[in-house]
Amino acid sequence: MSELKCTDVVENIMNYIDQELDQTTLFTLEKHLEMCPECKSFVDTYKRMLSLSGNLKNQIFVTTDIRKRLKNLLKTKIKPH
Ligand SMILES: [Zn+2]
C-alpha cells in the first residue's frame, strides 16, 4: 500500500467528507491524518465549514465550482512532505 501525500488528501477530501471512499483509500487517508497535523487541521476546518452550512451532505452549498476553487486554493497552501 502506498503512502498518501498531502496533495492526495486534498484530492480526496470531498469524497472523504461525503464518505464515498473505498476502504483502502479511507484507511490510508486516515492514517495520513494521524501523522500529519496540517492535513488534520485542514480536514477539521473543512468539516466545520460544512457543518456551518447546516448539512454535511448539502450538495447545493458545496457546488462543483466551490469544490474546484477550494481544491486549487488548498493545493497552493499545502506543500507535499
Ligand atoms: Zn498531510
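Ile13 touches Val43 and Tyr46, leaving aside residues up to four places away in sequence; touching, or being in contact, here means that C-beta atoms placed from the backbone lie within 7 Å. This is a predicted model, where local features need pLDDT of at least 70, side-chain atom pairs count only at pLDDT 80 or more, and totals for chains, interfaces and linings use all residues. Residues are numbered from 1 along each chain as its sequence is written. Here's a quick tour, starting with the overall layout.

**Overall layout**

- The protein comes to 4 helices and 0 strands, where helices are DSSP runs of H or I with at least four residues, strands are E runs of at least two, and both are numbered from the N terminus.
- Reading from the N terminus, the elements go α-α-α-α.
- Of the protein's 81 residues, 11% count as buried. Buried means that 20 or more other C-beta atoms, placed from the backbone, lie within 10 Å of the residue's own; exposed means 12 or fewer, and partly exposed is in between.
- Take the contacts between residues at least 6 apart in sequence: 67% of them join residues at least 24 apart.

**Helix 1 with helix 3**

- Two packed helices are described by the angle between their axes and the distance between the axes.
- Helix 1 (residues 6–17) packs with helix 3 (residues 37–52) at an angle of about 30°, and their axes are 11 Å apart. The axes are lines fitted to C-alpha atoms, for helices over the stretch in contact, and angles run from 0 to 180 degrees between N-to-C directions.
- That angle makes helix 1 roughly parallel to helix 3. The cut-offs are under 35 degrees for roughly parallel, over 145 for roughly antiparallel, 65 to 115 for roughly perpendicular, and oblique for the rest.
- Sorted by class, the contact of helix 1 with helix 3 has 8 nonpolar, no polar and 2 charged residues. Nonpolar covers Ala, Val, Leu, Ile, Met, Phe, Trp, Tyr, Cys and Pro, charged covers Asp, Glu, Lys and Arg, and the others, Gly among them, are polar.

**Helix 1 with helix 2**

- Helix 1 and helix 2 (residues 23–35) pack at about 120°, with their axes 11 Å apart.
- Helix 1 and helix 2 are therefore oblique to each other, and helix 1 passes helix 2 in a left-handed crossing.
- Val9, Asn12 and Tyr16 of helix 1 meet Thr25, Leu29 and His32 of helix 2. That contact splits into 3 nonpolar, 3 polar and no charged residues.

**The nonpolar core**

- The largest nonpolar core has 7 residues: Leu4, Val9, Val10, Ile13, Leu29, Cys39 and Val43. Such a core is a set of buried Ala, Val, Leu, Ile, Met, Phe, Trp, Tyr and Cys residues joined through C-beta atoms within 7 Å.
- Helix 1 and helix 3 each supply at least two residues of this core, and helix 1 gives the most, with 3.
- Ile13 lies in helix 1 and counts as buried, because it has 20 C-beta neighbours inside 10 Å.
- Cys39 touches Cys6, Val9, His32 and Leu33, not counting residues up to four places away in sequence.

**A loop residue to look at**

- Gln19 is in the loop between helix 1 and helix 2, and is exposed, with 9 other C-beta atoms within 10 Å.
- Most residues other than glycine have a negative phi. Gln19 isn't a glycine, yet has a positive phi of about 55°.

Key: Contact = placed C-beta atoms within 7 Å. Left-handed = near helix turned anticlockwise from the far one by under 90°.
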